[in-house]
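User: I would like to learn how interfaces and ligand surroundings are read from a set of coordinates. Please take me through one example.

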Amino acid sequence: MTEILVLAEHRRGEFRDVTFEMLTKGRELSQKIDADLTAVLLGHNVKEFAKKLADHAKKVLTVDDARLEDFNAEAYQKVLSHLISERKPLLTLIGHTSFGVDLAPSLATELNVPLATDCINVDFEEKKPIVVRQVYGGKVNVKASLHTSESYIVTLRPATFEVQEVEPLGGEIIEIPSPLKEDIPYKKFVEYYEPPAGEVDITAANILVSVGRGIKDTENMPIVEKLAGALGGALACSRPIVDKGWLPSDRQVGTSGKTVKPKLYLAVGISGAFQHVSGMKNSDLIIAINKDSKAPIFRAADYGVVEDLFKVVPTLTNKILEEKKSSS
Amino acid sequence: MDTIVCVKHVPETAEAEIAVDSSGKGIKTEDLVFDINEWDDYAIEEAVLMKEKLGGSVTVITMGPEDADKTLRKCLAKGADKAIRLTDKAFERSDAYATAKILHKAIKDLPFNLILTGTQASDDGYAQVGVILAELLGIPHATMVKKIESKEEFVRVNRELEGGLEQVMEVKLPAMLAVQTGINEPRYVSIMGIRKAREKELKVLGLGDLGLKEEEVGESGSWITMEEMFIPPVEKEAEILTGGPDEIAAKIVETLKARGLV
Ligand SMILES: Cc1cc2nc3c(=O)[nH]c(=O)nc-3n(C[C@H](O)[C@H](O)[C@H](O)COP(=O)(O)OP(=O)(O)OC[C@H]3O[C@@H](n4cnc5c(N)ncnc54)[C@H](O)[C@@H]3O)c2cc1C
Ligand SMILES: Nc1ncnc2c1ncn2[C@@H]1O[C@H](COP(=O)(O)O)[C@@H](O)[C@H]1O
């Protein structure tokens with residue numbers, strides 16, 4: 001029977017959301033092409049874990065090995081290439097995450113199986129996967145097909161597929177003996193490192209003014225600082241601002257920063273790359289100021305201002321201060 | 001430490017108007033400014049920093065058109081010793097897999113301890129080329145690298161995970177590391193500096209020089225085939241506030257007032 005494999009992703013004893021997003025998409029595809037949906041769980045002492053996956057898949061394959069406890073692409077690749085060679089699934093879904101990015105390309109190369117990464121959709125046309133990807137920072141989409149093969153690997157962009165409440169599938173849990181024979185000689189997991197927390201917790205703020213590369217220079221930062229001050233909010237930012245050292249890393253919003261949900265998120269000079277948007281899209285009210293009317297941030301915002309921030313922001317700051325003065 | 005850095009010459013699109021070209025499979029590039037891929041700027045900087053600290057050499061390599069020499073010369077000005085450009089009509093329309101195969105042929109006989117790439121190219125965003133290249137070379141890799149400490153036999157790296165968490169890994173040398181932005185502060189080079197770097201070696205190789213067959217590269221040697229390129233459909237769009245700065249500011253204040261935010 002045709003099979004679709006979904007690689008479960010977990011870290012420090014918790015499933016990552018992308019696991020269930022992939023299982024939701026996997027289920028839809030398995031119904032469409034009449035395939036079995038199988039979750040793959042690699043880890044150590046993961047029995048209890050497997051039960052949760054069984055609700056979402058027909059089968060759950062578990063491989064229990066101490067060397068799989070923390071993600072190590074070398075160990076994961078060995079196990080997965082063994083499983084895929086044996087089972088020849090039509091499709092294997094992996095998250096386009098820090099794990100998937102480290103794993104999928106070398107796995108596909110070893111197996112000589114076509115791979116499409118960071119897909120925002122995958123469908124089948126005549127048993128051949130068709131994917132949709134974003135290019136040029138989300139300004140353009142690409143529809144692409146994979147070269148004909150027995151098996152394919154696709155990595156899915158996280159936070160893109162909505163998890164649906166469904167009838168539990170009561171999948172069968174199958175323990176597979178670990179195929180890891182020898183050592184894992186090239187790569188060693190040492191530890192997790194968590195940067196120390198800073199002074200401002202942007203996740204607790206009701207109002208965030210968030211600044212991006214459009215601010216151009218660190219000397220211009222007071223423009224947005226004043227706006228945040230006038231609103232009684234905190235200052236957050238996109239990644240390049242942290243990369244340049246203009247704000248500390250705990251102010252960064254996005255996949256590699258913080259996820260925030262303030263009452264107001266005012267994005268100033270931010271293009272709206274998906275890695276940024278997934279950290280703020282659930283804010284109550286989003287207002288974006290960007291001089292490019294095609295900037296993807298306008299697809300996430302409730303209100304947009306297509307203007308030069310240097311013209312609008314100081315005016316806005318003054319208006320807010322006036323408003324506050326007159327109402328107090 | 002002998003390091004090879006893979007760099008890509010890409011269009012700057014964050015602030016540019018973008019339109020799909022008549023083939024429906026590419027964008028119009030005439031009015032776009034091309035420069036080094038943002039992630040690769042951090043990769044070349046990291047290589048030069050290591051050379052300054054530990055000695056050794058830095059070679060930059062790109063697969064791209066003649067115009068990519070601008071990016072190579074910039075890297076030479078930053079401190080790379082040699083540059084290689086891989087150019088051939090047959091290389092056009094290569095995806096990440098075909099690109100990695102081309103780079104592999106050029107790199108496999110060069111001496112190196114380390115290969116650096118960026119986490120992803122800002123144009124096609126595959127986040128694959130370095131990892132495929134590592135697998136073809138039979139060397140280990142680590143991606144999303146935010147910190148590199150080099151020891152004798154291995155490197156200790158911090159990989160960036162989601163939500164600010166990092167994973168410390170030890171990777172045996174020779175290895176491929178794909179670096180993340182923010183790992184260092186890329187240096188600025190002047191036009192003068194770039195001009196001076198003209199004396200450094202820049203080698204150009206094609207299909208035949210690399211011992212590749214036409215079907216191994218380009219679209220036929222790729223994993224994926226582009227069917228269509230399109231501007232994404234708008235599912236939800238912001239209500240655009242219009243007028244002069246004063247008018248816009250007033251509208252925003254009204255909205256905030258209505259929600260009790262000011
Ligand atoms: C693995 C990974 C993780 C990442 N994690 C994150 C993350 O957590 N958070 C994050 O933010 N990014 C993250 N990124 C980076 C992300 O892909 C983008 O590169 C980044 O978000 C872009 O930041 P930006 O919008 O500030 O800059 P740009 O994309 O350069 O956009 C600048 C914007 O400013 C506008 N602008 C310029 N001048 C003006 C002006 N005068 N007035 C008004 N507007 C102006 C431009 O039109 C443009 O839209 C990550 C990337 C990767 C690969
Ligand atoms: N044409 C190319 N020439 C040289 N290096 C490349 C090329 N394409 C991609 N790379 C390298 O691979 C990295 C990841 O690119 P990609 O897999 O295309 O997202 C880039 O940051 C570069 O370091």
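User: Which side chains meet in a salt bridge at 2.8 Å, N to O?

Analyst: This is a predicted model, in which local features need pLDDT of at least 70, side-chain atom pairs count only at pLDDT 80 or more, and totals for chains, interfaces and linings use all residues. Residues are numbered from 1 along each chain as written, chains are lettered from A and ligands numbered from 1 in the order written, and side-chain values use heavy atoms, without hydrogens or water. A salt bridge is a side-chain nitrogen of Lys or Arg within 4 Å of a carboxyl oxygen of Asp or Glu. Here the pair is Asp292(A) and Lys139(A). The rule finds 1 salt bridge across the interface of domain 1 and domain 2 of chain A.

User: How much area do domain 1 and domain 2 of chain A bury between them?

Analyst: The size of an interface is often given as the accessible area lost when the parts come together. Buried area is that loss with a 1.4 Å probe, summed over both parts. Domain 1 and domain 2 of chain A bury about 550 Å², 53% of it on carbon and sulfur atoms. Of the area that domain 1 buries against domain 2, Lys139(A), Arg157(A) and Ala159(A) supply 60%, more than any other three residues.

User: How many residues are in contact between chain B and chain A?

Analyst: Contact means heavy atoms within 4.5 Å. By that rule, 81 residues of chain B touch 88 residues of chain A. These chains bury about 7400 Å² between them, 58% of it on carbon and sulfur atoms. The count of salt bridges between them is 12; Lys294(A) forms a salt bridge with Glu17(B), with the closest N and O atoms 2.7 Å apart.

User: Which chains does ligand 1 lie between?

Analyst: A residue is near a molecule if one of its heavy atoms lies within 4 Å of it. Ligand 1 lies between chains A and B. Of the 32 residues around ligand 1, those that come nearest are Ser238(A), Gln252(A), Val253(A), Ser256(A) and Ser271(A). An oxygen atom of ligand 1 is 2.8 Å from an N or O atom in the side chain of Gln275(A), and a nitrogen atom of ligand 1 is 3.1 Å from a polar backbone atom of Lys291(A).

Note on methods
Buried area = accessible area lost by both parts, 1.4 Å probe. Polar contact = N/O pair within 3.5 Å; in protein donor to acceptor, adjacent residues only side chain to side chain.
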